[in-house]
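Have the sequence and the structure open as you read.

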Amino acid sequence: MTIGSSDAATQLAAITPPARRVPPIAPDEYAARLDRARALTAAAGAGALLVHTGASLRYFTGVPWGATERMVALLLPVAGEPVMICPRFERGSLEADLTISADLRLWEEDENPVALVADAARGMGAVAVDPLMPFAWAERLRGFGIALVDGAPAIDGCRMVKSAAELACLTEAKAMTLEVQARAAAILRPGIAASEVIRFIDAAHHAIGGGGSFFCAVQFGRATAFPHGLPGDQRLAEDELVLIDTGCRVHGYHSDITRTYAFGSVAQDIRDIWDVEHAAQAAAFAAAGPGVPCEAVDAAARVVLEGAGLGPGYRLPGLPHRTGHGIGLSIHEPANLVRGDTTPMAPGMCFSNEPMIVVPDRFGVRLEDHFHVTDTGAAWFTTPQPSIDRPFG
């Protein structure tokens, strides 16, 4: 689709959701996840794993709830039935979402849910605690005489490597967002407000089956120099740079794609920086593969940038943040493509690749696509942007 060649109504009417949708995660996969978590918990020297509400609870139980001030948690013994801690008044909703068999330990509003956890964990030895569990709850659990260890090795050890079913969900989400990105480019015109583009992208994500946008950033001109934009509602002018970063979810699994392109003519130095960004993204992808430390992928991108006179390190003009992050049920999750993260890549790990270049207070270029590690290297989920003038080929 050509930049600025259409209008919102035409583009929305042309969207057709996928004829065959990927299925949700099957019950036997949830069972395998629990078994894997038990093995990793035992290897960490603990007798049970305590999982907080959020993406990890969804990963192990199918319960898609966000965290609130009320404790909802999974206690997974190394040997024995899973235990769900939940407010009693939420029982019906919990049972409707729960995909595993579990012993329900329910608490009333005037009761202490941490005491329920302590009672369930009694005699199991140390408890491996989800790193996203509130500190105060963990400390109260320690007050009941329960020894605590870090649960990240067990939780991240499961979630970092995606199954074929998870890769299918991620693939569908990213394909949806790439099409939405192309249709958003088609509706651009001089004077269009960023808020109008954001509303279109949300409607397009709904129309294509992605449940609306999980997030959306639309930046024009100078605002592209700020990785997360500027306040206010900008309007697009002729001969400006456009940066759009957005994503949706399929069965909870995220897309997160950024395109940066010219609306009209832009200066040669912007084009030169775009070319360096494109080369850095390609270098990061080429460096990825099984056994490669995550930080080596970040380093590969920075070699390209520093060779062009940018940086070094995090200095500007240059790349002010990590080259990429893990993605799955959380939009940002371990491991990270950043100096100091020595996690060895393994087949099934999924990452963003976005070595953004910032030229302070003038412009920024971020090209973001995602890849998954294979047995022999890496594979793109989406085809990278071919040029500054042809964002979608």
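What follows covers salt bridges, pockets and a cavity, cysteines, and two further residues.

First, some housekeeping. This is a predicted model, so to speak of local features we need pLDDT of at least 70, side-chain atom pairs count only at pLDDT 80 or more, and totals for chains, interfaces and linings use all residues. Residues are numbered from 1 along each chain as its sequence is written, and side-chain values use heavy atoms, with hydrogens and water left out.

## Salt bridges

Side chains of opposite charge can pair when their charged atoms come close. Here a salt bridge is a side-chain nitrogen of Lys or Arg within 4 Å of a carboxyl oxygen of Asp or Glu. Searching the whole structure turns up 22 salt bridges.

| Pair | Closest N to O |
|---|---|
| Glu-29 and Arg-33 | 3.1 Å |
| Glu-354 and Arg-366 | 3.8 Å |

Which residues are linked in a network of salt bridges? Glu-29, Arg-33 and Glu-166 are. Glu-29 and Arg-33 sit four residues apart in helix H2 (residues 27–43), about one turn of the helix. (Helices are DSSP runs of H or I with at least four residues, strands are runs of E with at least two, and both are numbered from the N terminus.) Both Glu-29 and Arg-33 are buried, where buried means under 20% relative accessible area, exposed means over 50%, and partly exposed is in between, using a 1.4 Å probe and protein chains only. Glu-166 is buried, as is Arg-33.

Now for the Glu-354 and Arg-366 salt bridge, at 3.8 Å. Glu-354 is in the loop between strand E14 (350–353) and strand E15 (357–359), and Arg-366 is in the loop between strand E16 (363–365) and strand E17 (369–373), so this pair ties together parts that are twelve residues apart in sequence. Both of these residues are buried.

## Pockets and a cavity

Rolling a probe the size of a water molecule over the atoms shows where empty space is left. The search runs on a 1 Å grid over the protein atoms alone: a cavity is a set of points where a 1.4 Å probe fits but cannot get out, a pocket is an open set with protein on both sides within 12 Å along at least five of seven lines, and lining residues have an atom within 4 Å of a point. Grid points are joined across faces, edges and corners, and a volume is the space filled by probe spheres set on the points.

Glu-354 and Arg-366 come back here: along with His-228, Asp-245 and His-332, they lie nearest the centre of the largest pocket, which has 15 lining residues. That pocket has a volume of about 340 Å³. By class, its lining has five nonpolar, four polar and six charged residues (Ala, Val, Leu, Ile, Met, Phe, Trp, Tyr, Cys and Pro count as nonpolar, Asp, Glu, Lys and Arg as charged, and the others, Gly among them, as polar). Strand E7 (residues 215–220) gives the most to this lining, with three residues.

The second largest pocket has a volume of about 290 Å³. It is lined by 19 residues, and those closest to its centre are Gly-54, Ala-55, Trp-65, Leu-329 and Ser-330. Helix H3 (residues 55–61) gives the most to that lining, with three residues. The lining divides into seven nonpolar, eight polar and four charged residues.

How many cavities of 30 Å³ or more does the count give? It gives one. The largest cavity holds about 40 Å³ of space, and its lining includes Arg-302, Glu-306, Pro-312 and Gly-318.

The structure holds zero disulfides, a disulfide being a pair of cysteine sulfur atoms within 2.5 Å. For Cys-248, the closest cysteine sulfur is in Cys-169, 11 Å away, too far for a bond. Cys-248 is buried, with a relative accessible area of 0%.

Gln-181 lies in helix H8 and is buried, at 0% relative accessible area. Its side chain reaches the backbone oxygen of Ile-244 at 2.9 Å.

Ala-308 is in the loop between helix H11 (294–307) and strand E12 (324–326), and at 42% relative accessibility Ala-308 counts as partly exposed. The C-alpha atoms of Ala-308 and Gly-318 are separated by 9.6 Å, the two residues being ten apart along the chain.

Notes
Polar contact = N/O pair within 3.5 Å; in protein donor to acceptor, adjacent residues only side chain to side chain.
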